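Please look at the sequence and the structure first, and then follow their conversation.

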Amino acid sequence: MELIRKISSFNNRMKWNKQLRKFNRVGEKCKCNRYFSIREPEHISLGSNFNGGESIGLHVFGKYKNNIICENPKMIIGDNVTMGKHSYISCANRVEIGNGV
C-alpha cells in the first residue's frame, strides 16, 4: 500500500510541475496535493509558498463557448497562501488573494 501511495504522489508532482510551466507567474516552493483542476493557467499568478490542498480548483474564464468574457482576466494569489481541501476559486475578470491567507 505504501508503494501505491508513493507512486500516486510522484504522478501528482509530475502533473503539477507540468501545469506550473503554463502559469503566468509562479513563485518559489509552490505545491499542490492530488486531484487539482486548473482552467486558463496563463492568466494565473501564484506567489511563493503556495500550498494547495486535495481537490482544489483554480478557474479563470476569459472565454466561454468561444465568446470573450474579458480581454485580460487575472487571478493573482499572493505569498504564503494555503487553499484547504475542496477549495475553489474562479473569476471572469479579476480576483486577488493577498499574502498570508
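The dialogue below goes from the whole chain to single residues.

Q: What should I know about the model before I begin?
A: This is a predicted model, in which local features need pLDDT of at least 70 and side-chain atom pairs count only at pLDDT 80 or more, while totals for chains, interfaces and linings use all residues. Residues are numbered from 1 along each chain as its sequence is written, and side-chain values use heavy atoms, with hydrogens and water left out.

Q: How many helices and strands does the chain have, and how are they defined?
A: Helices (H or I, at least four residues) and strands (E, at least two) are DSSP runs, numbered from the N terminus. Here the chain has 1 helix and 12 strands, and the helix comes at the start of the order α-β-β-β-β-β-β-β-β-β-β-β-β.

Q: What does the radius of gyration say about the chain?
A: The radius is taken over C-alpha atoms, and the globule rule is 2.2 Å times the number of residues to the power 0.38. For 101 residues a compact globule would have a radius near 13 Å, and because the chain has 14 Å, the two agree. The C-alpha trace spans about 45 × 30 × 25 Å along its principal axes.

Q: Is glutamine 19 buried or exposed?
A: Buried means under 20% relative accessible area, exposed over 50%, and partly exposed in between (1.4 Å probe, protein chains only). Glutamine 19, which is found in helix H1 (residues 2-20), counts as buried because its relative accessibility is 18%. Across the chain, buried residues make up 36% of the 101 residues.

Q: Which residues does glutamine 19 touch, not counting residues up to four places away in sequence?
A: Contact means heavy atoms within 4.5 Å, and with those neighbours left out, glutamine 19 touches Phe36, Ile38 and Pro41.

Q: Where is glutamate 42, and how far is it from glutamine 19?
A: Glutamate 42 lies in the loop between strand E3 (37-39) and E4, and it counts as partly exposed because its relative accessibility is 44%. Glutamate 42 and glutamine 19 are 23 residues apart in sequence and 9.9 Å apart in space, C-alpha to C-alpha.

Q: Which residues touch the most other members of the largest nonpolar core?
A: A nonpolar core is a set of buried Ala, Val, Leu, Ile, Met, Phe, Trp, Tyr and Cys residues joined through side-chain atoms within 4.5 Å. Of the 19 residues in the largest one, Trp16, Ile44, Leu46, Phe50, Leu58, Met75 and Ile77 touch the most other members. At least two residues of this core come from each of H1, strand E4 (44-46), strand E6 (57-60), strand E9 (74-77) and strand E11 (88-91).
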